[in-house]
Amino acid sequence: MSILIDQHTKLIVQGITGREGSYHTEQMLQYGTKVVGGVTPGKGGQEVCGVPVFNTVREAMSATGADATVIFVPARFMKDSVLEAIDAGMKMIFTIAEHVPVHDMMYCYHLAKARGVKLFGPNSFGVISPGKTKAGFMAGYFFSEGNVGVMSRSATNCYETVKMLTDNGIGQSTCVGVGGDMIPGTTFVELLPDFEADPDTKAIVIIGEIGGSEEELAAAYIKEHVTKPVVALIAGKNAPKGRSMGHAGAIVSADGTGSAEHKEKALREAGVYCADSTQHIVDILLQLKKEGRL
Amino acid sequence: MKLLEYKAKELFDKYHVPTMRGCVIDSSEHMEEAIDQAGLTYPVVVKAQVQIGGRGKAGGIRFADTAAEAKQHCEALLFSELRGYKVNQLLIVEKAQNNKTELYLSIMLDRLTKCPMIIFSANGGMEIEQTAKEDPDKIIKLTIDPFVGVKDYMAAYLLSRAGLDLSYKKQLFDLLKKLYQAFMDYSCMLVEINPLVIDANDRLVALDGKIDIDDSALFRLPDIQEFAQKMQPDNPLIKEAADYNFLYIPVEDEGSIAVTSNGSGMLMSCIDLISKEGMKVKAALDLGGGATADRIKEAMRILFSTPGVKAVLINIFGGITRCDEVANGVKMALEAEHSDKIVVIRMEGTNKEIGLTTIAGIQNADIVSVPGLRECVKALADRRDRL
């Protein structure tokens with residue numbers, strides 16, 4: 001099994017006629033994703049890679065019965081695209097774009113929560129359930145089917161880890177790019193229950209970073225509710241300190257929240273294995289495999 | 001984009017946030033004229049317009065009782081350097097006198113709740129961060145539901161919790177509404193007033209202003225774009241890299257290694273591993289996705305020209321970024337100028353084999369190709385005596 005998406009997921013692509021949208025539609029189709037339609041206002045009636053294009057999300061959904069959308073539009077149009085998808089009744093939305101205004105995402109985030117919509121990204125590679133389907137721009141070939149669930153704030157650190165996992169014969173159930181932005185639509189802590197409940201996920205990998213409190217929140221949840229082994233990496237221990245945002249930033253993080261030390265301490269206390277590099281994640285998982293826990 | 005105080009004050013004026021009257025000057029000769037035109041009365045405060053914290057302690061804020069004194073301060077401050085930042089403008093404001101107390105007020109975007117959050121304290125002024133550490137109860141935080149906005153009971157709550165008289169409720173509510181409007185209209189990460197004083201006439205007045213605007217939203221803020229163009233970058237290489245859509249990040253002053261990759265996560269991993277081995281990174285450059293050979297060449301040139309850099313590490317895990325393009329860019333850069341730098345390259349992903357062949361064909365350069373991140377760090381450690 002997998003979480004969020006599988007071979008039955010019917011996906012539409014918003015921005016399908018654009019350069020990225022059309023290229024990745026082809027890539028997703030080749031991977032086996034059921035891309036059932038696309039949306040570009042004014043281009044309804046056309047086709048991209050044999051996939052019908054609609055003017056609006058509402059029309060695309062009623063014609064295809066799509067249950068998820070991936071949005072390949074430039075950052076400045078992302079908010080409108082997300083609102084259109086939510087309004088049309090879409091329940092799962094993947095956003096990809098980098099440099100989305102944070103205020104736009106703040107609005108989308110709260111609307112999605114209020115409407116019970118699963119929103120992912122932005123600044124994310126999407127989601128892949130290897131061997132079944134993918135929604136996003138990750139290169140499919142270095143992922144492999146298996147039983148490690150991965151979620152990552154960084155695309156490159158996730159690729160690096162997954163490639164080494166695959167090279168070492170450890171496959172993945174689902175890999176989720178939660179995205180590297182300040183306001184991610186879905187965070188680690190919201191995905192943990194899904195991975196914990198998925199019978200085919202035997203271990204969970206969290207690839208985090210300095211900043212924010214997503215890892216701390218995940219640690220608190222793991223401590224109480226997660227029985228599966230969890231391996232975490234916090235990137236950015238030696239990154240240059242971001243210049244403080246006036247006093248407010250320092251006031252909010254006066255307790256140390258956001259630092260790698262603070263995150264690792266919380267994770268360790270929750271029984272999480274803390275890796276110091278992507279390679280180390282693989283070493284820990286290989287050890288778990290040896291112990292028959294994977 | 002952090003605004004200079006005078007620009008923040010301009011926005012405050014636009015939203016009718018009460019401030020002290022003032023004027024901006026960029027030459028000492030025109031000081032008196034500017035002061036007259038703005039109708040300022042002495043005493044005044046002369047404030048250097050630079051983006052540094054602790055500006056007062058650095059000597060960038062000076063008081064003057066007379067025009068002669070003000071002139072002296074202007075001449076001393078204008079075009080001087082404060083902690084490495086050149087002072088190109090001065091803000092001159094009337095000095096607020098006989099204030100009853102100094103408060104702290106800000107609205108910031110809170111990552112935890114993903115909402116705007118008000119931070120308020122009756123203990124404003126320079127020691128606010130100290131207060132946050134030692135006496136966190138004196139810092140009052142209140143999130144704003146973006147679908148609800150600012151309401152008058154919030155002002156009551158802040159005053160009540162801070163132990164201040166509720167007679168200020170109407171004024172504080174009014175101020176919160178204005179600040180919140182500015183915060184939303186300008187896609188702010190932060191709007192901060194410290195100190196916010198209660199003056200002799202019981203009015204709330206902003207004596208300083210900090211505004212930080214989300215860079216990703218600048219495309220819809222033409223007035224801020226204009227301001228941004230006038231700002232001097234703290235490091236010319238940041239600007240140069242930005243012209244090619246690269247993110248250049250200075251890391252450690254005494255570092256000798258420059259690292260580049262196609263994503264910030266991977267860059268952080270590189271820096272972490274290099275630091276763990278006791279070596280130091282001078283700068284990092286994020287190529288982003290899909291860089292072409294021409295742009296890679298420029299990225300290499302920028303890193304080679306970084307003072308103090310002896311080695312460049314290129315770590316590519318290419319999905320959208322193609323290894324053949326990267327290799328061609330590196331080749332072009334090394335052939336364009338005879339470089340004595342050590343180059344360590346690791347490439348994985350799309351068109352890796354073509355890329356590796358290109359790298360192997362580069363003549364007269366100190367370049368080594370390695371298979372993984374650990375090997376990158378090892379290759380650098382092996383050459384430690386030359387770093």
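These notebook entries record what I looked up in a predicted model.

**Conventions.** I number residues from 1 along each chain as its sequence is written, with chains lettered from A and ligands numbered from 1 in the order in which they are written. In this predicted model local features need pLDDT of at least 70, side-chain atom pairs count only at pLDDT 80 or more, and totals for chains, interfaces and linings use all residues; side-chain values use heavy atoms, with hydrogens and water left out.

**Aromatic pairs.** I searched the whole structure and found twelve aromatic pairs over all chains. Rings of Phe, Tyr and Trp (its six-membered ring) pair if their centres lie within 6.5 Å; planes under 30 degrees apart count as stacked, over 60 as edge-to-face and the rest as tilted.

I looked up Phe142(A) and Phe317(B): the ring centres are 5.1 Å apart and the planes stand at 70 degrees, so this pair is edge-to-face. Phe142(A) belongs to the loop between β9 (133-136) and β10 (145-152) of chain A, and Phe317(B) to strand β16 (residues 311-318) of chain B, so the pair joins two chains. For elements I use DSSP runs numbered from the N terminus: helices (H or I, at least four residues) and strands (E, at least two).

I then checked burial, where buried means under 20% relative accessible area, exposed over 50%, and partly exposed in between (1.4 Å probe, protein chains only). Phe142(A) is buried at 4%, and Phe317(B) is buried at 1%.

Tyr6(B) lies in helix α1 (residues 5-14) and Phe227(B) in helix α7 (residues 222-230), so the pair ties together parts of chain B that are 221 residues apart in sequence. Both Tyr6(B) and Phe227(B) are buried.

I also traced a cluster in which ring pairs link Phe125(A), Tyr141(A), Phe142(A), Phe143(A), Tyr159(A) and Phe317(B).

**Charges over rings.** A charge sits over a ring if NZ of Lys or CZ of Arg is within 6 Å of the ring centre and within 35 degrees of the ring normal. I found Lys79(A) over the face of Tyr107(A), at 4.5 Å from the ring centre. I found the charged end of Lys95(B) over the ring of Phe63(B), 5.1 Å from its centre.

**Cavities.** A cavity is a set of points, on a 1 Å grid over the protein atoms alone, where a 1.4 Å probe fits but cannot get out; lining residues have an atom within 4 Å of a point. I recorded four cavities of 30 Å³ or more.

The largest cavity holds about 80 Å³ of space. Its lining includes Glu5(B), Lys9(B), Phe12(B), Leu91(B) and Val93(B). The elements giving two or more residues to this lining are α1 and β6 (90-94) of chain B, and α1(B) gives the most, with three residues.

The second largest cavity holds about 50 Å³ of space. Among the residues lining it are Leu233(A), Ile234(A), Ser269(B), Asp272(B) and Leu273(B). I noted that α9(B) gives the most to this lining, with three residues.

Two strands pair if DSSP finds at least two bridges between them. I found four bridges joining strand β8 (residues 126-129) of chain A to β9(A), and the strands run antiparallel. Val127(A) stands opposite Ala135(A) in β9(A). The two strands form a hairpin with three residues between them, and Gly131(A) in the turn has a positive phi of about 80 degrees.

Note on methods. 1 Å grid on protein atoms, 1.4 Å probe; cavity = no way out; pocket = protein on both sides within 12 Å on 5 of 7 lines; lining within 4 Å. Points joined across faces, edges and corners; volume = space filled by probe spheres on them.
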